[in-house]
Amino acid sequence: MGKDTKHALLIDETAAFVMQSLTDAEGGHDWWHTYRVWKVAEKIALEEGADTTIVALAALLHDIADAKFHNGDENIGPERAEAFLKSNQVEPTLIERVVEIIRYMSFKNSLDGETRTSPEMQVVQDADRLDAIGAI
């Protein structure tokens, strides 16, 4: 199985996992928010030349466990994303890049003075913010 096919299957599995995980999520962080972020992020990634696999995975997993619903714990989301990716035997470098985006892309974390960025983070962050302001 080629790398592109393997990544396409992983993205499909991730979408199914996230859809099931967000079944009871509130409207601003539900499956449909995630779906819109994913699809907008894919379009932006193609225009900007960002890694589409990293963008898709980060967009899908970015709200898997939002800190607002876990007593402000900023680690739960990245930890759940990492555990899911590891359980699917994803290569460590890819896991690291996706988890870093999830950990540092929130508006709150962008204000803490610690700057981490990549083209993929910027793409997912822009797609998330566009959806948050209703630009669908």
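In what order do the elements of the protein chain run from the N terminus on? I read them off as α-α-α-α-α-α-α. My count for the protein chain is 7 helices and 0 strands.

**Entry: confidence**

I noted at the start that this is a predicted model. I looked up the confidence of the protein chain and found a mean pLDDT of 86, with 82% of the residues at 70 or more. I then went through the elements. Helix α3 has the highest mean pLDDT, 97, while helix α6 (residues 107–110) has the lowest, 51.

**Entry: the whole chain**

I checked burial next. The protein chain has 136 residues, and 42% of them count as buried.

**Entry: α3 and α5**

I wanted to describe one pair of helices. Two packed helices are described by the distance between their axes and the angle between them. I took helix α3, residues 52–61, and helix α5, residues 92–104. Their axes come within 9 Å and cross at roughly 45°. I recorded the crossing of α3 past α5 as right-handed.

Which residues make the contact? On α3 I listed T53, I54, L57, A58 and L61. On α5 I listed L94, R97, V98, I101 and I102. I sorted the residues of this contact by kind and got 8 nonpolar, 1 polar and 1 charged.

Note on methods:
Residues are numbered from 1 along each chain as its sequence is written. This is a predicted model: local features need pLDDT of at least 70, side-chain atom pairs count only at pLDDT 80 or more; totals for chains, interfaces and linings use all residues. Side-chain values use heavy atoms; hydrogens and water are left out. Axes are lines fitted to C-alpha atoms, for helices over the stretch in contact, and angles run from 0 to 180 degrees between N-to-C directions. Helices (H or I, at least four residues) and strands (E, at least two) are DSSP runs, numbered from the N terminus. A crossing is left-handed if the near helix is turned anticlockwise from the far one by less than a right angle, and right-handed if clockwise. Contact means heavy atoms within 4.5 Å. Ala, Val, Leu, Ile, Met, Phe, Trp, Tyr, Cys and Pro count as nonpolar, Asp, Glu, Lys and Arg as charged, and the others, Gly among them, as polar. pLDDT is the predictor's confidence in each residue, from 0 to 100. Buried means under 20% relative accessible area, exposed over 50%, partly exposed in between (1.4 Å probe, protein chains only).
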